[in-house]
Amino acid sequence: MTPHELSSAVSVLRPRLLRFARLQLRDASSAEDAVQEALLAATLHAGQFQGASAAATWVFAILKNKIIDEFRRRSRQPQGDADSGQEQEFAEALEEQFDERGHWISHPTPWTDPQASLEQKRFWEVFEVCIGGLPEKPARVFGMRELLGMETAEICKELGLSTSNCWVLLHRARLGLRDCLSRRWFGET
Amino acid sequence: MLSCREETELMSQRFERPLSFGERFGLRVHLLFCKGCRATLRHFMFLQTATRAWREHHDQDSTHR
């Protein structure tokens, strides 16, 4: 591809790339940076792509790496008081779903036709709100696991977490998302 | 027998590692008697389906399939 062909091919991708990065990085400017870097890297390699599809695959792979780099960088920074406070509160709220013997205080109930939700635009807005509502650490681990599709062992290694710590964070993310979707979408009380 | 809270940990780890025979057996028995945990397991499974669908939609695969 010529650089010109490439730039028109990737400009179509840009909104999608941004949305992908934004949900995971949770801040518009780092998402913008990651996308910008991925696109720049692609322009430098324009000559080696056979078509738009190959270029897209390549740009997404680069973007994923940029996101992981950013996660790695963030995981090395000491957690701020506000973040650790939010995480603490979140963990406590999840615990409050159970009584002192560890049984549900109010039983979760089945969701009505969840598959049908996947076709609804509004569902995806709620889904993104719920992921955005998780505290930084559980959101990061869950995002790497389920949105980037990485193996748990790889995630723990990248973030310098013990396996059991990773599991705890994933468990909290799942309980939190379950609760959020129940309340905000499936109308569980 | 494990509590619901502990069973939800196993239900989550089920996506990360193979559970042992004892864990699977205990979970199965627990699920027979616990509506809340049965619903929760389905919810966890749906979360995985939904995140995969999200990923495929935003990933390159769907654009040029």
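This is a predicted model: local features need pLDDT of at least 70, side-chain atom pairs count only at pLDDT 80 or more; totals for chains, interfaces and linings use all residues.
Residues are numbered from 1 along each chain as its sequence is written, while chains are lettered from A and ligands numbered from 1 in the order in which they are written. Chain A has 9 helices and 0 strands; helices (H or I, at least four residues) and strands (E, at least two) are DSSP runs, numbered from the N terminus.

**Overall fold of chain A**

- The C-alpha trace of chain A spans about 65 × 40 × 25 Å along its principal axes.
- Of the 189 residues in chain A, 31% are buried (20 or more other C-beta atoms within 10 Å of the residue's own, with C-beta atoms placed from the backbone).
- Among contacts in chain A with a separation of 6 or more, 71% join residues 24 or more positions apart; a contact means that two C-beta atoms, placed from the backbone, lie within 7 Å.

**Domains**

- Chain A splits into domain 1 (3–76) and domain 2 (81–184), with bounds from an automatic or database domain assignment.
- Taken over C-alpha atoms, the centres of domain 1 and domain 2 of chain A are 26 Å apart.
- In chain A, 9 residues of domain 1 contact 12 residues of domain 2.
- On the domain 1 side, α1 and α3 of chain A are the elements that give two or more residues.
- α3(A) gives the most to that side, with 6 residues.
- That side of domain 1 has 4 nonpolar, 2 polar and 3 charged residues (Ala, Val, Leu, Ile, Met, Phe, Trp, Tyr, Cys and Pro count as nonpolar, Asp, Glu, Lys and Arg as charged, and the others, Gly among them, as polar).

**Helices α7 and α9**

- The axes of α7 (136–147) and α9 (163–184) of chain A come within 8 Å and cross at roughly 95°; axes are lines fitted to C-alpha atoms, for helices over the stretch in contact, and angles run from 0 to 180 degrees between N-to-C directions.
- That makes α7(A) roughly perpendicular to α9(A) (65 to 115 degrees).
- Residues of α7(A) in the contact include A:V141 and A:F142, and those of α9(A) include A:L169 and A:L170.
- By class, this helix contact has 8 nonpolar, 1 polar and 3 charged residues.

**Contact with chain B**

- 32 residues of chain A contact 29 residues of chain B.
- α1 (3–25), α3 (52–76), α7 and α9 of chain A each supply at least two residues of the chain A side.
- α9(A) has the largest share, 7 residues.
- The chain A side has 17 nonpolar, 9 polar and 6 charged residues.

Methods
Angles under 35 degrees count as roughly parallel, over 145 as roughly antiparallel, 65 to 115 as roughly perpendicular and the rest as oblique. A residue is buried if 20 or more other C-beta atoms lie within 10 Å of its own, exposed if 12 or fewer, and partly exposed in between; C-beta atoms are placed from the backbone.
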